[in-house]
Structure formats: structure tokens, C-alpha cells
Amino acid sequence: MTEKGYPAKTWWRFQTWPEPVYYGGSHGGLGASSASTIPNPVYGNLYDPDTPGAGGTNGSGGGIVRLDVEGTLTVDGTIAAIGSVNSGAGAGGSISIRADIITGQGSIHADGGHSNGNYGGSGGRIALLDYSLLAGAFDPAEVTTDNFGISAAGGGTGLYGAAGTIFLKAKDDSWGTLIADNKGSTTDADTTTWLPGVTVSNIGALSEITIEDSAAGFEPDLYAGYLLNPNREQGAPTLTDDQFYMIATNDAHSITVLSGDLTNVASVGATYGSIFVFNRLYLLGGAKVYAPGDMLIRGAGGSAVIRGNSGLEA
């Protein structure tokens, strides 16, 4: 599914992004761009990705691969949803795999497209889900080594796109593992793996399942499947006792959650925002992750590994 995503200057839901100057497409992170250029926003569900990569100025993004295997999936070749190579390259696409065992010595790629000159595309999104075992090149013990067979790195030659996201969640895993690895590629300070989430603001109106903010200006339906903290001051600073809710949908000025009662923990004027919860976090190879709102690492064996000039801002 390489180069089978959105065409040039097109992103989520086939919206055009008519930036006249060169830029790389964004998906799991931001595409490379000049100081005077704004690439399209990040988008897509990191937990179970199903969106094509955005096109850059001249190149298309990567497509979508979704596999549901009852038993064992052995990958000895390559599964790829890579963005196109061009000046203003495409972003990586989406790969979602469910299988009981995932093994083999092959590789899985949703990398951004390299550029002929500058402006590479961002990495896409990969998720391996509901497995009982990852082995071979996909063994989680290999995440920090060059032997790990999963990549969603930004592309480039001169200016690289940001890393995309890799999410691993076993059958018995409550929160899963987030990996962002840009394979040592250098990006500009503003070219980050920006996690799609609700920017911190204040509630203007509130019901049991909906908050409203007339000043928000959200991109409609962008945040479905992500978590909302309706009151960032509700509990201890550690976040461990906060109640949060899964977003069902949003329009330009409101967010609706799947279930629960927001009025139990929030009221008009409360500060709301996204919250990202994982059991393990790996930021590697120069990946710079920005999480609007908060991030919580929780559960038995919870850990965060940040190496290789990588960083996190939340």
C-alpha cells in the first residue's frame, strides 16, 4: 500500500491543503516544512489506525493495511504503507494487525516518503493488537535496538518529517505501549510527533455527556477514540485518581463522550484537555512528542524510556 494514500495537497477526508510552498505531508506526526509554510495537521487514531497518509506538495501518502488473523501471522517479507518520494513527499499510511502470534524476520513500515531535495513526509500509524505473543523481529525486547522490525519514521533528505506512532497492545494489556522512533533523523524544532488531542481550554457549557466551548474551533470528528479529562484539577497532581472519558465525536465547538456523567467531576469554567494513558512509553532516535493536555504512565511494570536526543512535552 505504498503511495496509495491521499494525493498531493490532500489530507483527512480528502480535504485540500493548498499551501503554495513545499511541505511534506503530516499523519502520525508533522511533515517537514520551511519557516513560512504550515503543513496539514496530524490526524488519525493511534490506537487502531485506519486513515491514509496525507499527500505533500507533490507526493501521495501511504495507504491502509488492516489484517485480522485468527492464529499466527509470520512476516518474513515486508508489509508497507509508505509515502511517496518527491520534493514535498507524502506521509506514511496506516497498518493495523490483529493476530494471536505475530512473528518472523521481516518488517512492517509506515514511514514517511523521502524527499528528492527537502521536505519529507511524517511517519504514519501502526498498531499491533490483541496478541498473546510478539516474537522474532517484533519482540518488544528489541524495541530499543536496530533489530526491531517495525518502523514509522519520518522521511526526508534535507528536512525530515516527524516520527509517526507505533502502538502495541496485547490481549491482557490494559493501556498498551506507545513508541515514537525517528531513526536518528533530525527535524526542525517545530516538526514534532503531535498526538491528536484536545488543547487545554475552559468549559463554556456542560451536560452529562457533552462539553461546549464556543471559542474552540475543533476540526469536526478528529478526536473520536481519544480520552478527555473534563477537569484537570479534579484530583491529585499525579493524575492517578482522575476520571476520564472516551470521546465519541466532536464538532467545531463541542465534544461528546461515549458514556458516563461529566457533571460528576466538572462544571462550567473547569479546565479540560486530552489525557493519554499508556503502560510503557519509548521515545527514540530523535523523536519529539507533543501531547496536548496530560500523559499518564500507569499499571504494573509501567515505564518510560527516552533516548537519542528525543523528548516529550505535555
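Modeller: What follows is a set of questions about labels in this predicted model.

Biologist: What makes Arg 66 and Asp 48 a salt bridge?

Modeller: Their closest N and O atoms are 3.1 Å apart, and the cut-off is within 4 Å, so the pair counts. Arg 66 sits in strand S3 and Asp 48 in the loop between S2 and S3, 18 residues apart.

Biologist: Why is Asp 48 called partly exposed?

Modeller: Its relative accessibility is 21%. Buried means under 20% and exposed means over 50%, so Asp 48 falls in between. Arg 66, at 42%, is partly exposed by the same rule.

Biologist: What makes Arg 98 and Asp 48 a pair that ties together separate parts of the sequence?

Modeller: Their side chains meet in a salt bridge at 3.3 Å, N to O. Arg 98 lies in strand S6 and Asp 48 in the loop between S2 and S3, so the parts tied together are 50 residues apart in sequence.

Biologist: Arg 232 and Asp 294 also meet in a salt bridge. Why is Asp 294 called buried?

Modeller: The relative accessible area of Asp 294 is 14%, which is under 20%, so Asp 294 is buried. Arg 232, at 25%, is partly exposed. The N to O value for this pair is 2.9 Å.

How values were computed:
Residues are numbered from 1 along each chain as its sequence is written. This is a predicted model: local features need pLDDT of at least 70, side-chain atom pairs count only at pLDDT 80 or more; totals for chains, interfaces and linings use all residues. Side-chain values use heavy atoms; hydrogens and water are left out. Helices (H or I, at least four residues) and strands (E, at least two) are DSSP runs, numbered from the N terminus. Buried means under 20% relative accessible area, exposed over 50%, partly exposed in between (1.4 Å probe, protein chains only).
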